[in-house]
Amino acid sequence: SETSTSQDPVSYYIDHTIYTGRPADTTDRLPKEIRTYDLLDSLGITYTRADHDTLPTMEACQEVGKLLGIEIAKNLFLRNTQKTAFYLLILPGSKKFKTAALSKQIGSARLSFAEPEFMEQYLNITPGSVSVLGLMNDPENKVRLLIDKDILENHPYFGCHPCINTSSLKFRTEDLLNKILPAIHHNYTIVDLPLRRTSPSNLADTSLTHSQSVQIPEADATVP
């Protein structure tokens with residue numbers, strides 16, 4: 001269906017068919033997307049897929065989340081001030097990223113959003129497509145994975161992009177922890193971030209795996 005609202009004149013297309021597994025026709029799919037399907041298939045992971053345009057609003061992202069039957073989470077690519085340490089943070093939409101809270105938990109200097117060139121260098125991903133599956137492109141483990149405990153305790157299913165933000169995938173969270181991460185040789189650190197007090201409608205660029213596109217002051221960074 002094609003959707004637009006009076007508040008957001010940008011239209012976008014969401015295919016409301018839920019597909020199982022990889023696309024039957026991969027002619028127009030990028031190699032990095034196809035590699036994610038190769039990985040999941042090689043591990044025997046069952047996954048469903050929704051195809052859509054790049055989604056411009058939180059409401060659009062929520063529509064895809066509802067279609068897949070999962071709660072939207074945020075995936076953020078971060079770095080320290082020195083640009084020597086990089087992190088992929090996964091947290092539910094009900095929580096917020098504050099530099100002080102996270103830095104203290106992981107023993108890092110002040111954190112901020114990593115620049116697009118680092119996303120491409122370490123994850124082979126562009127802004128708006130950040131995904132835990134991008135860690136398959138990080139064989140030297142330059143990126144440290146951080147997962148909020150709420151994801152592990154209250155989200156039996158996990159949603160992410162296949163390294164491109166025109167499709168979204170759903171698979172079991174236990175498959176991420178017990179199959180995918182061991183296969184790509186990445187461990188994870190559990191963190192516990194504070195609940196946010198703002199309305200979801202006031203948040204921007206948040207989706208299954210959307211990355212940051214707005215720079216927030218580091219002193220009190222509440223990520224969209």
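The part I want to show is an open sheet of 5 strands, in the order S7-S5-S6-S8-S11, with mixed pairing. This is a predicted model, in which local features need pLDDT of at least 70, side-chain atom pairs count only at pLDDT 80 or more, and totals for chains, interfaces and linings use all residues. Residues are numbered from 1 along each chain as its sequence is written, and side-chain values use heavy atoms, with hydrogens and water left out.

On terms: strands (E, at least two residues) and helices (H or I, at least four) are DSSP runs numbered from the N terminus, and two strands pair if DSSP finds at least two bridges between them.

Strand S7 (111-113) and strand S11 (188-191) are the edges, each pairing on one side only. S5, residues 73-80, is joined to S7 by 3 bridges, and the two run antiparallel. Arg79 stands opposite Ser112 in S7.

Now the helix. H4, residues 116-123, lies across S5, strand S6 (86-92) and strand S8 (143-148), at about 100° to S5. Axes here are lines fitted to C-alpha atoms, for helices over the stretch in contact, and angles run from 0 to 180 degrees between N-to-C directions.

Which residues in H4 are buried? They are Phe118, Met119, Tyr122 and Leu123, where buried means under 20% relative accessible area with a 1.4 Å probe, protein chains only. Seen down the axis of H4, the buried residues fall within an arc of 105°, so they line one face of the helix. That arc is taken over the directions from the helix axis to the C-beta atoms. The buried residues of H4 pack against S5, S6 and S8, contact being heavy atoms within 4.5 Å.

Just after H4, Asn124 has a positive phi of about 55°.

Terms used: Buried means under 20% relative accessible area, exposed over 50%, partly exposed in between (1.4 Å probe, protein chains only).
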